[in-house]
Amino acid sequence: MPQMTLDDLAENFALFDDWEDRYRYIIDLGKKLPPMPEAEKTEASKVRGCMSQVWLVVLPDPGPPKRLTFHVDSDAHIVRGLAAVMMIIFSGRTPEEILAIDADGIFARLGLDSHISPNRRNGVASMIATIQAMARAA
């Protein structure tokens with residue numbers, strides 16, 4: 001997926017008048033994620049706390065500076081789309097940048113905090129916690 005910025009994402013969201021269109025856009029983002037090799041879909045790469053199955057692996061780029069790129073996949077279309085949003089926010093950044101990101105603030109800016117179900121919010125929080133743990137470990 002070409003590197004989209006958070007500002008690009010926010011601008012694209014603003015183009016849609018209703019949430020049905022935004023949901024379709026999120027699903028389309030998920031369809032653009034590069035496929036995750038089946039070999040990476042292991043118990044170790046499974047994100048805990050998600051209702052759907054989500055797999056997340058980190059691909060460190062030694063840099064300098066050291067950056068973390070993530071591979072992510074899900075068996076649910078909307079979750080795959082939300083995972084794509086996570087990649088826009090976190091992937092390709094240094095561990096320090098990742099840990100400094102206010103993901104809740106970003107989700108509020110995009111309106112996602114109030115337009116996804118509590119179960120999906122819990123899953124997103126689990127993805128964020130996993131990404132931050134990977135950044136701390138790097």
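I116 counts as buried, because its relative accessibility is 7% and buried means under 20% relative accessible area with a 1.4 Å probe, protein chains only. This is a predicted model, in which local features need pLDDT of at least 70, side-chain atom pairs count only at pLDDT 80 or more, and totals for chains, interfaces and linings use all residues. Residues are numbered from 1 along each chain as its sequence is written, and side-chain values use heavy atoms, with hydrogens and water left out.

**Around I116**
- I116 sits in the loop between α5 (103–110) and α6 (118–137); helices are DSSP runs of H or I, at least four residues, and strands are runs of E, at least two, numbered from the N terminus.
- Beyond its neighbours within four places in sequence, I116 is in contact (heavy atoms within 4.5 Å) with Y23, L82, F107, R121 and V124.
- W19 lies 97 residues from I116 in sequence, and their C-alpha atoms are 10.0 Å apart.

**Where α1 meets α2**
- On the α1 side, L9, N12, F13 and A14 meet W19, R22, Y25, I26 and L29 of α2.

**The largest nonpolar core**
- This core has 43 residues, and L9, F70, M86, I89, F90, L110 and L112 touch the most other members; such a core is a set of buried Ala, Val, Leu, Ile, Met, Phe, Trp, Tyr and Cys residues joined through side-chain atoms within 4.5 Å.
- The largest share, 11 residues, comes from α3.
- Setting aside residues up to four places away in sequence, F90 touches L68, F70, I98, I101, A103, I128 and I131.

Conventions
Buried means under 20% relative accessible area, exposed over 50%, partly exposed in between (1.4 Å probe, protein chains only).
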